Amino acid sequence: MRRVVSHIALLTRLCINGPGGRAGLIYFALVLALGLAGVQVSVRLIAWTADFYNALQKLDIDATLRQIASFFGLIAISVTLFLTGSYLRKMLQIRWRRSLTEAALDRWLSNKAYWHLRDRTENGLDNPDQRIAEDCRIFVDKLTGEAIELITNIVALVSFVTILWSLSTFPLAFTIAGVAIEIPRYMVWAAPLYVAISSGVTHWLGKPLKALAFEQQRREADFRFALTRLREHVEAVALAGGESAERRLLSQRFGAIAQNWRGLANRELILGCFTRPYFQTVLRIPLFLALPAFLAGRVTFGGLMQIGSAFQNVVTTLSWFIFSYRDLAELAASASRLSHFLEAAEKTAGPPRPALAMGRSDRLLLREVRLATPGGRELAAVPDLSFEAGGTYWIAAPSGHGKSALVKALAGLWRHGAGRVERPDARMLFLPQHAYLPLGDLRTALAYPAPPEDHEVEDFQQALAAVGMAHLWRLQEAAWNDARRGLSGGERQRLALARIHLRRPEWIVLDEATSALDPRAEQHLLGALRQLLPRATFVLIAHRPPLGVGDYRAIKLDSGDNGATALLTSAEQIV
């Protein structure tokens, strides 16, 4: 329980300290004030109950009509307070959800945590998209609802108990085994005792709900992720005829949802066997308890109804824990998931391994670098290397010998191994084999990751023309979104190369970035880049020798103690 409270406190601070979060405190105060005003209306309705039923008992038509008019007036005020509070609470929720979402995004995107956490599933760390989108929404929704209700109920409880105390002037007297027992103001003591016992039973029956709700959110996210992944790879699935395999996977993941859902439903049924009868009887129990005083003539009919109303409000307020148990379980589950996610993201802030240092020289240096797979298997040896500014380098190795791992080490991503990598303090651009086209229009895709406003229209047109994709400029945004899904691997790589024409970096690292192009197209595109950027440094990782870049230094990674290097021309091969 203490850990859950600490998680809620941490996330609440993030909600308040984020952009617009402090202004949300004003909304919170307004909603709370409206809730407290609603308590006063409820207090007035308790008094109205006595006046109305006393008028009925006396058959006073004028007084009865006045009380009916008073009733509708009170209800109008209550409805206005409720609707205004509900609207302001929604404004509060979107502010705090924005603050919490931005805090989660900051931690996920800082220090490339999204990369380091991409495949981690230990301790339930999974589906960061679900945690950021869904858990932030659930947490803020439940927090604002339950926190305001809790504070309001505390104030309301004081008011209702005060009224009940003033009305319960009669004792409960009875005899057990010849011993006379008298309990003064027994209506006051009966309420908390009744609710305390019921709350204990509710917690005992509903305790497993938190774990089940936690697991349900995870399995729902797993199912959505599988659907999204299928949508993103429809072409590969269709060409492979993989519908049956995908159907099996989706059925398995939905089966996991159904299995946990049944456990959740069973536990809610068990809890409901107690809470539902409690909910339906809690409004009548007060009358039954006050009947002895009425039958003894100590209170009028209106007094009986007033005592019953006051007792009902006390019990209902005290029963907040019982009625809100499911919401509290969801709040605790979302707080645990979010806190776990944020803690894991922050832990990735440590220095990368191999240690990455930003040098001030014009060289890229590798010293005693030894790379390994995440499982600990050592990859091919990496020789001590020095990449001079303005040169062209081709790194070759058989599949599985660590070419991509080396690229990630150069970028500061790979943390499996040892050694030291020093990069020049210069503009560097890394292009992977599979080009990424972000959401948005064509200009956004070309300028990525810079904003498209950084470039003129002529810049985009010239970059597209340089890679043989000038026809795309004529597409409108909607047409581009349709065309993007039909682009071939080679066309995507051409668009990625167009980014080099726009950004003109000083260092360019291409990891199989032209593998989908035919040799003639590769020679033309790389030659155009070398001509455009004669002083830039090119590091090309590929199975085949690069074409169109002139002389280059070749580096072959193998399983021996040292990698071999040689100065070759574009027409030569490593043997």
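Okay, let's start with helix 5, which gives the largest share of the lining of the second largest pocket, 8 residues. Before I go on, please keep in mind that this is a predicted model.

So what is that pocket like? Its volume comes out at about 880 Å³. There are 25 residues lining this second largest pocket, and the closest to its centre are Gly35, Phe82, Glu149, Thr152 and Asn153. If you're looking for the elements that give two or more residues to the lining, they are helix 2 (21-57), helix 3, helix 5 (128-167), helix 11 (301-318) and helix 12 (320-323). And what kinds of residues are they? The lining of this pocket divides into 10 nonpolar, 13 polar and 2 charged.

Let's stay on helix 5 for a moment. Glutamate 134 and arginine 137 meet there through their side chains in a salt bridge, at 2.5 Å, N to O. Why about one helical turn between glutamate 134 and arginine 137? Because they are 3 residues apart in helix 5. As a bit of background, side chains of opposite charge can pair when their charged atoms come close. How many salt bridges does the structure hold? The count is 13.

Next up, helix 3, which covers residues 61-109 and is where you find leucine 65. Leu65 also takes part in a nonpolar surface patch, together with Ile61, Ile68 and Phe72, and the patch is about 420 Å².

Now let's zoom out to the domains. The domain assignment gives domain 1 as 1-169 + 298-350, domain 2 as 170-296 and domain 3 as 355-569. How far apart are the C-alpha centres of domain 2 and domain 3? They lie 55 Å apart.

Methods. Residues numbered from 1 in each chain as written. Predicted model: local features only at pLDDT ≥ 70, side-chain atom pairs only at ≥ 80, totals over all residues. Heavy atoms only, no water. Patch = residues over 30% accessible without salt bridge, like charges linked within 9 Å, V, L, I, M, F, W, Y side chains within 5 Å. Areas by Shrake-Rupley, 256 points an atom, 1.4 Å probe, with all protein chains shown as cover. Salt bridge = Lys/Arg side-chain N within 4 Å of Asp/Glu carboxyl O. Helix = DSSP H or I, 4+ residues; strand = E, 2+ residues; numbered from the N terminus. 1 Å grid on protein atoms, 1.4 Å probe; cavity = no way out; pocket = protein on both sides within 12 Å on 5 of 7 lines; lining within 4 Å. Points joined across faces, edges and corners; volume = space filled by probe spheres on them. Nonpolar A, V, L, I, M, F, W, Y, C, P; charged D, E, K, R; others polar. Domains from an automatic or database assignment.
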